[in-house]
Amino acid sequence: PGTHTGAAPVTVLGLGRMGSALAAALLAAGHPTTVWNRTPGKADALAAAGAVRADTVADAVTASGLVVVCVLDHAATSALLEPVAGSLAGRTLVNLTSGSPEQAREMAAWASGHGIGYLDGGIMTTPEGVGLRTSMILYSGSPEAFAAHRATLAALGDPIDLGPDAGLASLYDAGLLGLMWSVFGGWLHATALVGADGVAAGAFTPVALRWLTTVGGFLDRYAGQIDAGHYPGDDATIDVQLAAVEHLLHAGRERGVDGRLPELHRELMAKAVAAGHGGDSYARLVDAFRRP
Ligand code: FVH
């Protein structure tokens with residue numbers, strides 16, 4: 001077990017919303033799929049679609065060279081796998097349960113100690129997006145395991161290899177969720193602002209989406225500045241943006257819109273200006289988020 005091409009057998013442990021979608025995608029791609037769930041009834045639909053239902057975790061694990069686990073959290077994953085460590089030896093374990101980078105590294109060390117190939121993952125979509133080429137699934141851990149199972153993992157979404165440090169998939173996942181919530185927050189604030197003057201969210205959002213494409217271009221440029229530690233304010237300086245945020249705060253106050261998000265931006269910009277960085281690009285504010 002461990003090295004397959006084509007329609008390799010796969011086991012999925014955990015058939016909640018996400019685990020069921022993963023198993024269904026594997027079945028749809030023609031993989032012989034064995035499934036197990038703590039509450040057995042959740043396997044009914046998959047069994048009807050052709051999956052093999054295992055009665056025990058040990059039976060499920062020994063059915064395939066590739067074992068995917070997707071349950072609630074790290075504690076549930078550990079409790080599930082510890083008793084079958086011996087059966088997992090020589091196989092590949094792909095852990096798609098959300099967790100911290102530290103938990104991922106702990107799990108990788110545990111797997112290595114038992115002769116288990118280990119990949120940790122971050123699923124950057126909801127169950128509806130599983131199986132689509134447009135959906136990213138992040139992996140980090142054993143390069144051999146990723147190379148051996150890349151083709152199979154492609155049935156779940158576009159597999160992105162982040163390298164041998166097992167903690168990186170969880171670290172990217174956490175950062176990307178933070179980015180998502182920041183975008184949600186900015187969009188909801190803007191929608192409330194324009195909505196106060198009668199603009200529907202449906203009218204505003206197409207314009208917002210075009211703006212996000214432009215903003216994505218700014219990130220490309222600023223990433224290079226952050227890596228170089230050099231922040232030329234040749235597009236728009238922090239001084240200019242600090243003046244502009246006052247318009248947003250004023251418009252919000254006039255309309256009774258909660259101003260805490262733009263107030264945070266103003267605070268960060270004002271600190272950078274006070275430190276003598278007013279002529280720098282916005283990317284300079286990365287310092288505000290770094291450990292001193
Ligand atoms: N749903 C999503 O959109 C997100 C996308 C990003 C990644 N997450 C992570 O995926 C993990 C599972 O999430 P889920 O949405 O499938 O969650 P549920 O539908 O609530 O299913 C939970 C499954 O976990 C099983 N389970 C819970 N505790 C235990 C345990 N102690 N031992 C064994 N299994 C356990 C539960 O079993 P049951 O309640 O049906 O018996 C479900 O199979 C999660 O890490 C997300 O952060 C999903």
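The model is predicted: local features need pLDDT of at least 70, side-chain atom pairs count only at pLDDT 80 or more, and totals for chains, interfaces and linings use all residues. Residues are numbered from 1 along each chain as its sequence is written. The protein chain has twelve helices and eight strands. Helices (H or I, at least four residues) and strands (E, at least two) are DSSP runs, numbered from the N terminus.

**Overall build**

- The C-alpha trace of the protein chain spans about 65 × 45 × 30 Å along its principal axes.
- The protein chain has 292 residues, and 34% of them count as buried.
- A residue is buried if 20 or more other C-beta atoms lie within 10 Å of its own, exposed if 12 or fewer, and partly exposed in between; C-beta atoms are placed from the backbone.
- Take the contacts in the protein chain between residues at least 6 apart in sequence: 62% of them join residues at least 24 apart.
- Two residues are in contact if their C-beta atoms, placed from the backbone, lie within 7 Å.

**Around the ligand**

- The ligand has 22 residues around it, and G16, M18, R38, T39 and S98 come nearest.
- A residue is near a molecule or strand if its C-beta atom, placed from the backbone, lies within 6 Å of it.
- The shell around the ligand holds ten nonpolar, eight polar and four charged residues.
- In these classes, Ala, Val, Leu, Ile, Met, Phe, Trp, Tyr, Cys and Pro count as nonpolar, Asp, Glu, Lys and Arg as charged, and the others, Gly among them, as polar.

**Helices α8 and α9**

- Helix α8 (residues 168-195) packs with helix α9 (residues 201-228) at an angle of about 130°, and their axes are 10 Å apart.
- That angle makes α8 oblique to α9.
- Angles under 35 degrees count as roughly parallel, over 145 as roughly antiparallel, 65 to 115 as roughly perpendicular and the rest as oblique.
- Axes are lines fitted to C-alpha atoms, for helices over the stretch in contact, and angles run from 0 to 180 degrees between N-to-C directions.
- α8 and α9 cross in a right-handed way.
- From α8, the residues W187, A190, T191, V194 and G195 meet A201, F204 and A208 of α9.
- The contact of α8 with α9 has six nonpolar, two polar and no charged residues.

**Helices α10 and α11**

- Helix α10 (residues 238-255) and helix α11 (residues 260-274) have axes that come within 10 Å and cross at roughly 155°.
- This crossing makes α10 roughly antiparallel to α11.
- The crossing of α10 and α11 is left-handed.
- A crossing is left-handed if the near helix is turned anticlockwise from the far one by less than a right angle, and right-handed if clockwise.
- α10 brings I238, D239, Q241, L242, V245, L248, L249 and G252 to the contact, and α11 brings P262, E263, H265, R266, M269, A270, A272 and V273.
- Ten nonpolar, three polar and three charged residues make up the contact of α10 with α11.

- G252 sits in helix α10.
- G252 counts as buried because it has 21 C-beta neighbours inside 10 Å.
- Leaving out residues up to four places away in sequence, G252 touches L193, V257, G259 and P262.
- G252 and A192 are 60 residues apart in sequence, yet 9.0 Å apart in space, C-alpha to C-alpha.
- A111 lies in helix α6 (residues 101-113).
- A111 has 26 other C-beta atoms within 10 Å, so A111 is buried.
- Not counting residues up to four places away in sequence, A111 touches L93, I116 and Y118.
- A111 and R221 are 110 residues apart in sequence and 39 Å apart in space, C-alpha to C-alpha.

- V52 belongs to strand β3 (residues 52-53).
- V52 counts as partly exposed because 18 C-beta neighbours lie inside 10 Å.
- V52 touches T34 and A63, with residues up to four places away in sequence not counted.
- G41 is in the loop between β2 (33-36) and α2 (44-48).
- G41 has 8 other C-beta atoms within 10 Å, so G41 is exposed.
- G41 and L15 are 26 residues apart along the chain, and their C-alpha atoms are separated by 9.6 Å.
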